[in-house]
Amino acid sequence: MQIIQQLWTALASFLTGPSVQSAYDLMNGFNSLVWGPPMIIVLLFLGIYFTVRLHFIQKYTWPAMKLSVMKVESEGMVSSFGSLAVMIGATVGTGSIIGVTTAVAEGGPGALFWMVVAGFFNFAIKYCECMIAFKYRVKLPDGEYVGGPMYYLSHILKFKWLGIIFAVGTLLMGLTAGSALQSNSIADALREGYNLNPWYIGLLVAIAAGVVVIGGVKRIAAYSEWLVPIMGGLYLLLAVIVLFMNFGAIPSAIITVIKSAFTGKAAAGGAIGVGIMGIIQALVPAVSAGVTRAVLATEAGLGSASIAAAAAKTRSATQMAIISATSVFWAIFICSLTGMVIVLAGDWQNPNVYAANLCNSAFKTVPFIGTPILIFSLVIFSFTTIIGWGYYMEKALQFLCKGANTLIKPARVLFIILVFVGGWIGTSFSWDWTITDSLLRTAEANNSTRFMWALAIFTMTMMTVPNIWALWCFRKVIIKTTRKNIKNIVGRKPKTAAN
């Protein structure tokens, strides 16, 4: 009831005086209502259900990784590794760095625990959605393969209106979280690290994104195939160095994460002493922040990755599904390293340190290379997310236009414009290439980042709800197909399968 009252107050405030802050309050109120206990319970239940019914599909992670680099001659648009690279590029972006920092800042270290828990079960969810997308993909007259929740919702389940809602949500997600949020994170990182003007950074990122996105899925996959391993390797190296530098403090950091997971940031002193309701209220911030960021970091349940899976050259739906699910492993692995570094640094308790500047405060403890590698990694992570979501957005628009490409070019222009706008939204204009650091500019950057994350969570609701309902409807097909083919797929010489 209190959340509804806060949402009503936020709506009234937005209508009387629209601003970035009032828009943030409105979206944050809606997100708190939708992504509270009901959504958390549904997502965790779905992940646990499929994990158990598929006999812990996570155990095939390593064989699936080996399958992802095998060359397969089959029908499709890109290789299975290219498809996986697009998924990883789109997921292992700001969700794995900035997403973790915002989760820890808002829900305390315990949010990291719930991200890992949710991520483990999200492996099964992503497996399921990618299987169904590939199994029921559609071949267009020009020979292109397309698929995803909008197709299996409308063509197989015959709920066209839900397919439209998902497609609209994907379109909006691409135009917000996939474009503006990513460039905002890039600009924030470069402003924090080198005092570069966000307005110019937004322009440069928009130009670079335009060059890649206009080339379509093959160019996107080609860039992702070589950018993703570079960005992942450098970032992992930096994170491991920080952990080794603080090796003695790691056990206490792990204890802090576990304790905070069951007490909550706001209740650090005495949630247990105020009864069951106090414990539940203390848990909500950490669990909510962890689960929502796990969805953003892995895209499991969101359904977007299945769009890339449908375009892959792979023998079977089962094979593409298990390969696709490995992107969840990499996302959560990077999230875990990031979270541990943030907790070890200790600045998560500082209300003036948020997002990229929270990351920088942790990684700059590595002399000379800490900040440069972090900034480079974050820029590349965010850029690959931009080009991945550019593809998802186009496929959603193509579905809404019944296979026609008429609006693709205008949509690309709008997408690139929003990449530019996202770089500087919420920050004051300056002609200078560099800007002096100040508490005011830090506050501006923090407010714009909070706004963009609230917008991302707001739009992903339109995708998540129809998709998880569809997965439940397909549960018998998923279980039957998996049990029939999985042992052949993960063998040394995978056999050709029809499903």
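## Getting started

A residue is called buried when its relative accessible area is under 20%, exposed when over 50%, and partly exposed in between, using a 1.4 Å probe and protein chains only. F121, at 17% relative accessibility, therefore counts as buried.

The model is predicted, so local features need pLDDT of at least 70 and side-chain atom pairs count only at pLDDT 80 or more, while totals for chains, interfaces and linings use all residues. Residues are numbered from 1 along each chain as its sequence is written, and side-chain values use heavy atoms, with hydrogens and water left out.

Let us begin with one helix. Helices (H or I, at least four residues) and strands (E, at least two) are DSSP runs, numbered from the N terminus. The expected span of a helix is 1.5 Å times one less than its number of residues. Helix 7 covers residues 110-135, and its end C-alpha atoms are 38 Å apart, which agrees with the 38 Å that its 26 residues should span.

Helix 7 is mostly covered, with 21 of its 26 residues buried. At F121, helix 7 bends by about 35°; the bend at a residue is the angle between axes fitted to the seven residues ending there and the seven starting there.

## Aromatic neighbours

Which rings count as a pair? Rings of Phe, Tyr and Trp (its six-membered ring) pair if their centres lie within 6.5 Å; planes under 30 degrees apart count as stacked, over 60 as edge-to-face and the rest as tilted. By this rule the structure has 17 aromatic pairs. One of them joins F113 and W114, whose ring centres are 5.1 Å apart with planes at 90°, so this pair is edge-to-face. The rings of F120 and F121 also make an edge-to-face pair, because their planes stand at 85°, with centres 5.1 Å apart.

F113 is partly exposed at 24% relative accessibility, while W114 is buried at 14%.

## Charges over rings

An aromatic cluster is formed by F45, Y49, F50 and W472. W472 also has a charged neighbour: R475 lies over the face of its ring, 4.1 Å from the ring centre. A charge sits over a ring if NZ of Lys or CZ of Arg is within 6 Å of the ring centre and within 35 degrees of the ring normal. R137 is placed over the face of F134, at 4.1 Å from that ring centre.

## One salt bridge

Side chains of opposite charge can pair when their charged atoms come close. How many salt bridges does a search of the whole structure find? The search finds one, where a salt bridge is a side-chain nitrogen of Lys or Arg within 4 Å of a carboxyl oxygen of Asp or Glu.

The partners are R412 and E394, with their closest N and O atoms 2.5 Å apart. This pair links distant parts of the chain: R412 belongs to helix 19 (residues 408-424) and E394 to helix 18 (residues 370-400), 18 residues apart. R412 is buried at 14% relative accessible area, and E394 is buried at 6%.

Helix 11 (residues 198-213) has 16 residues and reaches 22 Å from its first C-alpha to its last, close to the 22 Å expected. Its buried residues include W199, Y200 and V213. At its start, a side-chain oxygen of N197 comes to within 3.0 Å of the backbone nitrogen of W199. A polar contact is a pair of N or O atoms within 3.5 Å; within protein, one must be able to donate a hydrogen and the other to accept it, and residues adjacent in sequence count only if both atoms are side-chain atoms.

T176 sits in the loop between helix 9 (160-175) and helix 10 (177-194). T176 is buried at 13% relative accessible area, and its side chain reaches the backbone oxygen of L172 at 2.7 Å.

## Positive phi in two loops

Most residues other than glycine have a negative phi. F56, which is not a glycine, has a positive phi of about 55°. F56 lies in the loop between helix 3 (37-53) and helix 4 (61-68) and is partly exposed at 43%. K158 has a positive phi near 65° and is found in the loop between helix 8 (149-156) and helix 9. K158 is exposed, at 64% relative accessible area.
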